[in-house]
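User: I would like to learn how to read a ligand site in a model. Please take me through this one.

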Amino acid sequence: MSTKVTVLGLGAMGTALAGAFLAAGHRTTVWNRTPGKAAALVEKGAVEAPDAAAAVAASPLVVVCLATYDTVHQVLGPLAGDLAGRTIVNLTSGSPEQAAEAARRAGEHGFRYLDGAIMTTPPGVGDPDFMFLYSGSPEALAEHRPTLAALGDPVDLGPDVTLASLYDTALLGLMWSTLTGWAHGVALVGTDGEGRAAAFTAVANRWMRAIEVFMGTYAPQADARSYPGDDATLDVHLAAIGHLVHASEARGVASGLPELFKGLVERGIAAGHGGDSWGRLVEFVRAEGRA
Ligand code: FVH
């Protein structure tokens, strides 16, 4: 079904979002502070609004993707009176506290607010394999879900508006930890010869599937706050981490990352949890004083 949607912001991401709406057949209005970024979208059928007010007036669903939340308030603040009755979906990256403040303003001005997080880069927009996280107004998500599905798989995190940003930052943390582990691995296996990154990555990708299984084992343990070391204990992990530190040092590869793991595991063991699973470390990351 073709619906009317407006996209505010035509940076790399806003342009991809508008392109995905157009590709799905939605009547798409676009606006950007700096003119000249809409030409390619207009060729594909978008309508370029002369200003943000006209863009907002064009559609009941307004998707915002600007540099920061401050930018969002700068653009939407003067239009507050025009927003009543509309749904604003804010896909700008920010903190959970900024999401709560944006929702508070929405309540004050009578518009529905969904906070969102885009779990891909612009080339992935429009591909249902990638997630778009949403939290906030359940009514807004129920009504606009079919339209938003043009962007990627909509994942409903529920009415607590802070959750999309919170998950986003947590998931980015997971991505950076994993990619740093990958960089360490490539450096380690690459020191004896050139061109080993691709070979290592093929094996690493299979290993990622095993890591999925491990996380699936430890998540219920963390929820229950009980960490039986049925698969591998912290004592066993510590010995293996020692090999990584040694292999890194022997090859002149920075050992800061394994030393970080080692420190956490040693704290767990020193506190009497050497027989527990890796999941126990959640307690030590959660808050040092409470572990
Ligand atoms: N690009 C990505 O891969 C990531 C994926 C995850 C989510 N992020 C977030 O999306 C927001 C926008 O990112 P972007 O990549 O589109 O960023 P830019 O290409 O730099 O475009 C920024 C847009 O914001 C407009 N803008 C900046 N300041 C103002 C202002 N004071 N008033 C009005 N608009 C403003 C800018 O307009 P202009 O400079 O062209 O006039 C662009 O439209 C961001 O939160 C990412 O973290 C993307």
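User: How many residues surround the ligand, and which are the closest?

Analyst: First, this is a predicted model, where local features need pLDDT of at least 70, side-chain atom pairs count only at pLDDT 80 or more, and totals for chains, interfaces and linings use all residues. Residues are numbered from 1 along each chain as its sequence is written, and side-chain values use heavy atoms, with hydrogens and water left out. A residue is near a molecule if one of its heavy atoms lies within 4 Å of it. Here 22 residues surround the ligand, the closest being Met 13, Asn 32, Thr 34, Lys 37 and Ser 93.

User: Which side-chain atoms lie 2.5 Å or 2.6 Å from an oxygen atom of the ligand?

Analyst: A polar contact is a pair of N or O atoms within 3.5 Å. An N or O atom in the side chain of Thr 34 is 2.5 Å from a ligand oxygen, and a polar side-chain atom of Lys 37 is 2.6 Å from a ligand oxygen. A polar backbone atom of Gly 11 is 3.2 Å from an oxygen atom of the ligand.

User: Which helices each supply at least two residues of the shell around the ligand?

Analyst: Helices are DSSP runs (H or I, at least four residues), numbered from the N terminus. In this model, α1 (12-23) and α4 (69-76) each supply at least two shell residues.

User: What is the make-up of the shell by class?

Analyst: Ala, Val, Leu, Ile, Met, Phe, Trp, Tyr, Cys and Pro count as nonpolar, Asp, Glu, Lys and Arg as charged, and the others, Gly among them, as polar. The shell around the ligand has 9 nonpolar, 11 polar and 2 charged residues.

Notes:
Polar contact = N/O pair within 3.5 Å; in protein donor to acceptor, adjacent residues only side chain to side chain.
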